[in-house]
Amino acid sequence: MARRSKKNDAPAEKTKSKKKDKAREDAENVEVDTRQPVVAVVMGSDSDFPVVAACIETLEEFDIPYEARVISAHRTPDKAHKFASTARLKGFRILIAAAGGAAHLAGVMASLTTLPVIGIPIQTPTLGGADSLYSTVQMPAGVPVATVAIGKAGATNAALLATEILALSDDSLHDRLQSFRAAMRRTVAQKNARLREKIASTS
Ligand code: RP5
């Protein structure tokens, strides 16, 4: 193919360089969290993510540096082993593990680290998550997994529990937890007032 003349190339070059400038500008505007992640959130599959998102959102609400990844106790046992056995050295302080079905991820993690491990049982279409709950919670004495409720409530509580553990040595985090509780109390008071108004207006 014949090469276009330099003259014809010029507008294309200009567009290219404008695009590059824009990309550089965008990259500069992205806030990168360079802090050491203290909570690791691992999940057995990306199909767990819609539930685990509630955990991540809560960690972000409390501005806790975390790292999230997919690791399967059954499909990638070597990775699970390596991750859990090096987690403490990498600077993590708490592990949160979510899995569904034969949910051994949290238990396997707990067997390989002395960091506190919180397990989130994921709902399953076949058994509703009772399978995940039993697999996660029924650990033998000696290897604890702090198991939360099945599903999104559990995912939120896993993050809150991690926050409470970190707040033992962080007063500002403790203050944020107190504010969170106060906001919850206000919400319940509003719900109560609305309900009482509704009942009064219908009787
Ligand atoms: C578990 O198997 C995962 O935690 C997930 O809940 C379940 C199904 O995984 P996918 O088949 O959707 O990858 O290990």
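Trainee: Where is L115 found?

Mentor: L115 is found in the loop between α4 and β4. Helices (H or I, at least four residues) and strands (E, at least two) are DSSP runs, numbered from the N terminus. This is a predicted model, in which local features need pLDDT of at least 70 and side-chain atom pairs count only at pLDDT 80 or more, while totals for chains, interfaces and linings use all residues. Residues are numbered from 1 along each chain as its sequence is written.

Trainee: How many other C-beta atoms does L115 have within 10 Å?

Mentor: L115 has 16 other C-beta atoms within 10 Å, so it counts as partly exposed. The C-beta atoms are placed from the backbone; 20 or more others within 10 Å make a residue buried, 12 or fewer make it exposed, and partly exposed is in between.

Trainee: And which residues is L115 in contact with, leaving aside its neighbours within four places in sequence?

Mentor: A87, R88, F92, R93, I94 and L95 are in contact with L115 once those neighbours are left aside. Contact means that the two C-beta atoms, placed from the backbone, lie within 7 Å. For E57, 58 residues apart from L115 along the chain, the C-alpha separation is 22 Å.

Trainee: Next, the sheet. What order do the strands have?

Mentor: The order is β2-β1-β3-β4-β5, an open sheet of five strands with parallel pairing. Strands pair if DSSP finds at least two bridges between them. Each of β2 and β5 stands at an edge with a single partner strand, so one side of each has no neighbour in the sheet.

Trainee: How many bridges are there between β1 and β2?

Mentor: Five bridges join β1 (residues 39-43) to β2 (residues 66-70) in the parallel sense. Five bridges also join β1 to β3 (residues 94-100), again parallel. A40 shows both pairings: it stands opposite E67 in β2 and opposite L95 in β3.

Trainee: Is β1 largely enclosed or exposed, and why?

Mentor: Five of the five residues of β1 are buried, so the strand is largely enclosed by the rest of the structure.

Trainee: Which residues touch the most other members of the largest nonpolar core?

Mentor: I96 and M109 do, out of 43 residues in that core. A nonpolar core is a set of buried Ala, Val, Leu, Ile, Met, Phe, Trp, Tyr and Cys residues joined through C-beta atoms within 7 Å. β3 gives the most to this core, with six residues. Leaving aside sequence neighbours within four places, M109 is in contact with V42, A84, L95, A97 and V117.

Trainee: Changing topic: which residues surround the ligand?

Mentor: G44, S45, S47, D48, S72, A99, G100, G101 and I122 surround it, each with a C-beta atom, placed from the backbone, within 6 Å of the molecule. By class the shell has two nonpolar, six polar and one charged residues. Here Ala, Val, Leu, Ile, Met, Phe, Trp, Tyr, Cys and Pro count as nonpolar, Asp, Glu, Lys and Arg as charged, and the others, Gly among them, as polar.

Trainee: Last one. What is the phi of D63?

Mentor: D63 has a positive phi of about 55°, although it is not a glycine. D63 is found in the loop between α2 and β2, and counts as exposed because it has 12 C-beta neighbours inside 10 Å.
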